[in-house]
Amino acid sequence: MAIDYKAEYDTRGRVKDHPEIFARWKRDAAAYREARKAHGAKLNVAYGPSPRQIYDFFPANSRDANAPLVAFIHGGFWRAFEPESFSHVARGLNERGIDVALLGYDLAPQVTLSAIIDQMRAACIALWKAYRKRITVVGNSAGGHLAACLVATDFKALDADVPADLAHIGYAISGVFELEPLLHIPLNDTLKLDHDEAYRLSPIYWQVPTGHVLDCVVGGDESAEFLRQSKAIADAWGGRGVWTRYEELPGANHFTALDPLDDANSPMVSRIVELAQRSAGLPL
């Protein structure tokens, strides 16, 4: 039976209460953003020339100069949202002693997907130059794709002053790692991918240095395609020497899969803390 890719990747259509979820995100993000202004938050820090090439930095509650660093990349199918809509996802990690940077990027169709990947690499290099810390990258949906791209990146090839393994540990929530299915849905009117570009920008096919790490987490109530995407890259990269882990979150959909980040005691936050400490070279 042919796969109905339009239905499989219609994340908003599958979650009827998504407007209420987005409204909750906006409220929670605005409240956290405002509260953190008095605690050292740095907002709209430019890393590139366009207005969307910025990051927000929320330091750990401990204000420890040696706190590990997590970079969060938002979703929206590369064409929607911005960091300030997700400020609240830093809460749980901040409470557990982790610095969090939320990365912004230009959106399709104003720029290509290839350009967005390059912007995320530039953002990581800017964070290194600002804080001299290796980065654990966390992303959801499109951000999961971008997180995987960063885990596979040789940063020293881009800047000789940056460690090659700057972002060698990632945690991807409901990512899209094989882009060919997107050629068959209206989303590609925005992305404008052809078959060659879809293959080239699919991190599932990339070579990744042995020992890099990628957790692939997906809501248990998501479509078969989203479940397949995460399982497939975990299997593919795992077979090439990457430390991978696949997990389904029972009862979570494409959007509520993010909710555990707001809770310092959630298993998701605990796992990312573990990964961030590993990235920073701290005892686990």
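This is a predicted model: local features need pLDDT of at least 70, side-chain atom pairs count only at pLDDT 80 or more; totals for chains, interfaces and linings use all residues.
I then looked up how W25 and F255 sit against each other, and found an edge-to-face aromatic pair with 6.0 Å from centre to centre and 70° between the planes. Since W25 lies in helix 3 and F255 in the loop between strand 8 and helix 10 (267-280), the pair ties together parts that are 230 residues apart in sequence.

Next I asked how many aromatic pairs the structure holds, and the count came to 14. One that I looked up is F22 with F81, whose ring centres are 5.3 Å apart and whose planes stand at 85°, so I recorded this pair as edge-to-face. F22 belongs to helix 3, while F81 lies in the loop between strand 3 (69-73) and helix 4 (91-95), 59 residues apart, and the pair therefore links distant parts of the chain. I noted F22 as buried because its relative accessibility is 15%, under the 20% limit, and F81 as buried at 18%. I also wrote down that F22, W25, F72, F81, F86 and F255 form one aromatic cluster.

Turning to the sheet, I found that it is open, with eight strands in the order 1-2-4-3-5-6-7-8 and mixed pairing. Its edge strands are strand 1 (42-46) and strand 8 (243-249), each of which pairs on one side only. I noted that neighbouring strands are turned by 20° against each other on average, direction ignored. Helix 3 (residues 18-36) packs on this sheet, where it touches strand 1 and strand 2 (54-58), and its direction makes about 65° with that of strand 2.

Methods: Residues are numbered from 1 along each chain as its sequence is written. Side-chain values use heavy atoms; hydrogens and water are left out. Two strands pair if DSSP finds at least two bridges between them. Helices (H or I, at least four residues) and strands (E, at least two) are DSSP runs, numbered from the N terminus. Axes are lines fitted to C-alpha atoms, for helices over the stretch in contact, and angles run from 0 to 180 degrees between N-to-C directions. Contact means heavy atoms within 4.5 Å. Rings of Phe, Tyr and Trp (its six-membered ring) pair if their centres lie within 6.5 Å; planes under 30 degrees apart count as stacked, over 60 as edge-to-face and the rest as tilted. Buried means under 20% relative accessible area, exposed over 50%, partly exposed in between (1.4 Å probe, protein chains only).
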